[in-house]
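Here's a quick briefing on a two-chain model. Have the viewer open while you read.

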Amino acid sequence: MKALVFIEKNNQTGKLRPVSLELAWKAHSLVKPFGGEVVGIFAGNELPQDNDELFSYGIDRVLYFKNPGLKDLQSTAMKHVLTGMIKKEEADIVLFGATHTGRDIAPLIASKLRTGLTADCTQLLIDDYKDKGNILFQIRPAFGGNILATIITPDNRPMMATVREGVMLLPEEAQKKPAKLEEFTMDFNNSWVKNEFLEIVPKVSKVNFDHANIIVAGGAGVGSKENFRLLEQLAFVLGGEVGASRAAVDFGFIEKDHQVGQTGSVVRPKLYIACGISGSIQHRAGMEESKKIIAINKDPNAPIFGVAHMGIVGDLNEIIPIMIKYLREE
Amino acid sequence: MMLKIKVLAKQVPDTANITGNAMKDDGTVNRAVLPTVFNPEDLNALELALSIKDNIPECEVTVITMGPPKAVEILRHSLFMGADKVYLISDRKYAGADTLATSYVLSEAIKKLGGADIVLAGRQAIDGDTAQVGPQVAEKLDFNQITYVSGVREINENSVTVERDGEYQTELIRAELPVLMTISDTVNSPRYANASKMLKYFKSNIASEIPQDELELAEKSGRIIPLITNDLLKLEPERCGLKGSPTKVYNIKSITLTGGDLQMYGAENEGIKSLIRDIMKDYVEV
C-alpha cells in the first residue's frame with residue numbers, strides 16, 4: 001500500500017507547513033503495518049528550506065518537480081504536474097492539507113482522475129471492507145458539525161482526502177532518517193499558467209495559535225468590542241492568545257483571524273478559557289480537544305459546560321478582573 | 001458581445017441554527033424539520049454577477065441549481081434579486097451525487113445552456129463545507145479557476161482582476177476569460193429582493209407544480225422555471241447520482257457531548273481564587 005502526501009510550504013516563510021508533517025506521520029502510521037511506503041510529492045519553484053524535517057516524520061522518499069512557472073502554485077499547472085506524479089507512483093492513498101492551496105488543487109486532481117475526495121477528515125484509518133480488502137475509512141464532520149460521517153472510496157484509486165492543519169498529531173519524538181529525494185521529469189507547458197499575479201501582499205496576522213499553550217476566547221456573551229479588552233488582558237497575563245467564536249467575529253468584536261471553530265482554526269492548547277461562548281457544535285469542533293477547558297458563562301445550561309472541565313456561572317465582566325487580580329498575585 | 005455569466009447555487013439546510021428538536025430520537029439529524037436557506041456564499045456569487053451586469057448591460061445572468069423540486073425557492077429568490085434566467089436540474093438519476101457526480105452534471109448543463117464566459121459559485125456550502133464542486137466544474141469545463149476570491153478590483157468583457165485569500169498572503173490576480181471563480185462573503189453584501197420583481201415572480205415554479213388552468217398565464221408572464229432532466233442532458237447514468245459517485249457514505253453518527261468531570265467554582269472572590277489556584281497547580285506541572 002502506497003500513500004502520497006502533498007508537501008506544502010508557507011509561501012511567506014518558505015518553510016514547511018505543519019500540516020505536511022502531520023499528514024506525513026499519519027500516512028506513516030496508516031500504511032506501515034502493511035509494509036507500505038510514504039512518498040511526499042512536491043511541486044513548486046523551490047523545495048521547502050526545512051525539507052529534511054519530512055524524513056523525521058515518516059516520509060520515506062520525496063518526489064519533487066521544480067519549475068519557475070510553479071512559483072505561485074497555480075491550480076491548472078499544479079494539477080497537471082501532481083496528476084503525473086500520482087499516476088507514476090500508482091498511489092493507493094493521496095492526502096492533502098485542507099489549506100487554501102490544498103483545497104484549490106485537490107478537487108481538480110480528483111476530477112481529472114475521476115476518483116473520490118473526502119474533505120476535512122478528522123480521522124483516517126485502514127480496515128477491511130467486504131471483498132475490497134483494506135481500504136481507507138475517512139471520518140469527517142458534516143451538517144455543520146452535527147454528525148460524523150464515515151466515507152469510503154471502495155472502487156476507485158487513489159483514495160483521496162484532505163485534513164485540516166492541527167487535526168492530526170505529531171509524535172513526541174521524531175525519528176531521524178536520511179533524506180531521499182527523487183526528481184520527477186515531465187514536459188512543463190507554460191500555457192498551464194493562466195493567472196497573472198500582479199501583487200502579493202503578506203498578511204499581517206497577530207494571531208498565532210500554532211504554539212499557543214493558552215487561549216482565552218470570547219463569544220457573543222462578551223457583549224462589546226470594549227469588553228473584549230478584558231480577555232486580551234487575561235491572555236496577556238497568562239501569556240496566551242485571544243480566540244473568538246464566530247458570533248463574536250460576526251458582531252464585529254474582533255477580527256476573523258481569531259476565530260476558532262469549524263470555519264476558523266482548529267486549536268488544541270493546554271488551557272482554553274471560553275468566556276461568554278455558548279458552545280455551538282461548530283465552535284466545539286475547533287476546541288474540544290484542548291487539554292483543559294474552563295467555561296465562564298451566565299447561562300448554567302450553555303452547552304459549553306458539557307465539554308468543560310472547570311466552570312463558573314456568572315458575569316465575565318466581573319469575574320475576569322478578579323481572575324487577573326489573583327493571577328498577578330500568584 | 002454578450003457576456004454570459006452562470007451562477008451555481010445550492011439550497012442547504014440552515015446548519016447554523018440547528019437546535020435540539022432537529023435531532024431525531026435515534027440521534028440523527030431530521031432533515032425534514034430543518035429550515036432551508038440559499039447557501040450564503042452563493043448569494044455573494046449571485047450579487048457579484050448582478051453587479052457585473054450593472055456595469056456591463058450586455059450581460060446575461062443565469063442561475064443554475066441541482067436539487068429536489070423544493071430548490072426552486074432559491075431560484076425564485078434569484079429572480080427577485082434580478083437574475084435573467086434560472087434553471088432547476090432535477091432527476092432521480094442525479095440523486096445521491098457526491099461532488100464528482102454533481103460537478104459532472106453541472107458542467108454538462110452549463111455546456112447545454114450555451115456555455116459561459118464567467119462561472120461563479122460560493123466558496124463553499126454550509127452543509128458539506130467541501131469547497132469541491134466549484135473547482136471540479138472548472139476542471140470538467142477545462143476552465144481556469146480562481147478560488148477564495150476575497151475582493152474584486154475590476155471585471156470587464158475580457159478579463160477579471162480580483163483579490164484572492166492565500167491564507168498567509170493576499171494575491172492580486174488578473175485572468176483572461178473564461179474563468180470560474182469561487183466567492184467569499186467578504187466580496188460584497190447581497191442586495192435585497194426587488195419589490196416589482198417579487199410581484200412578478202412570486203408564483204413562478206416548474207410547470208409540474210403549477211395548476212393546469214394557470215399554466216397558460218404562467219407561460220405568458222414568464223413564470224415557468226425550466227426543469228432540466230436527463231431526458232435533455234442525456235448523460236451516461238454511470239457517471240451520475242449515487243452510481244457515479246466514487247465516495248460512499250459508510251455510516252453516520254450523531255455527535256454527543258462528552259465531558260462529565262466538570263468542576264464548578266463560585267462566581268465570588270473565593271471561588272475565583274480557588275479556580276486560579278487549580279489552574280496554576282496544573283499549569284506548573286505541565
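What follows is a short tour, from the overall build to single residues.

This is a predicted model, where local features need pLDDT of at least 70, side-chain atom pairs count only at pLDDT 80 or more, and totals for chains, interfaces and linings use all residues. Residues are numbered from 1 along each chain as its sequence is written, while chains are lettered from A and ligands numbered from 1 in the order in which they are written.

**Chain A overall**

- Chain A has 7 helices and 16 strands; these are DSSP runs (helices are H or I with at least four residues, strands are E with at least two), numbered from the N terminus.
- The radius of gyration of chain A is 22 Å, close to the 20 Å from the globule rule for 330 residues, so chain A is as compact as a globular protein of that length. That radius is taken over C-alpha atoms, and the rule is 2.2 Å times the number of residues to the power 0.38.
- Along its principal axes, the C-alpha trace of chain A spans about 65 × 50 × 35 Å.
- Buried residues make up 55% of the 330 residues in chain A. Buried here is 20 or more other C-beta atoms within 10 Å of the residue's own, exposed is 12 or fewer, and partly exposed is in between, with C-beta atoms placed from the backbone.
- Among contacts in chain A with a separation of 6 or more, 65% come from residues 24 or more positions apart; a contact needs C-beta atoms, placed from the backbone, within 7 Å.

**Where A meets B**

- The contact takes 68 residues from chain A and 67 residues from chain B.
- On the side of chain A that touches chain B, the elements giving two or more residues include helix H2 (75-89), helix H3 (100-113), strand E11 (195-202) and helix H7 (316-329) of chain A.
- By class, that side of chain A has 33 nonpolar, 22 polar and 13 charged residues. Nonpolar covers Ala, Val, Leu, Ile, Met, Phe, Trp, Tyr, Cys and Pro, charged covers Asp, Glu, Lys and Arg, and the others, Gly among them, are polar.
- Pairing takes at least two DSSP bridges between the strands.

**The nonpolar core**

- The largest nonpolar core has 181 residues, and Ala3(A), Val5(A), Leu95(A), Val216(A), Cys275(A), Val105(B) and Leu120(B) touch the most other members. Helix H1 (residues 18-31) of chain A gives the most to this core, with 8 residues.
- A core here is a set of buried Ala, Val, Leu, Ile, Met, Phe, Trp, Tyr and Cys residues joined through C-beta atoms within 7 Å.
- Leaving aside neighbours within four places in sequence, Ala3(A) is in contact with residues including Ala27(A), Leu30(A), Val38(A) and Leu95(A).

**A crossover in chain B**

- Strand E4 (residues 59-66) of chain B has 6 of its 8 residues buried. E4(B) pairs in the parallel sense with strand E1 (residues 3-9) of chain B over 7 bridges.
- Another 5 bridges join E4(B) to strand E5 (residues 85-89) of chain B, also in parallel. The chain goes from E4(B) through H2(B) to E5(B) in a right-handed β-α-β crossover, meaning that, with the strands pointing away from the viewer, the path from the first strand over the helix to the second runs clockwise.
- Helix H2 (residues 72-81) of chain B has 9 of its 10 residues buried, and just after H2(B), Gly82(B) takes a positive phi of about 130 degrees.

**Backbone spots to check**

- The peptide bond from Arg157(A) to Pro158(A) is cis, with omega near -5 degrees; Pro158(A) lies in the loop between E8 and strand E9 (159-163) of chain A.
- Leu177(B) to Pro178(B) is likewise a cis peptide bond, with omega near 0 degrees, and Pro178(B) is in the loop between E9 and E10 of chain B.
- Asp120(A) is a non-glycine residue with a positive phi, near 55 degrees, and counts as buried with 22 C-beta neighbours inside 10 Å.
- Asp129(B) also has a positive phi near 55 degrees, in the loop between strand E6 (118-122) and helix H4 (133-141) of chain B.

Note on methods:
Two residues are in contact if their C-beta atoms, placed from the backbone, lie within 7 Å.
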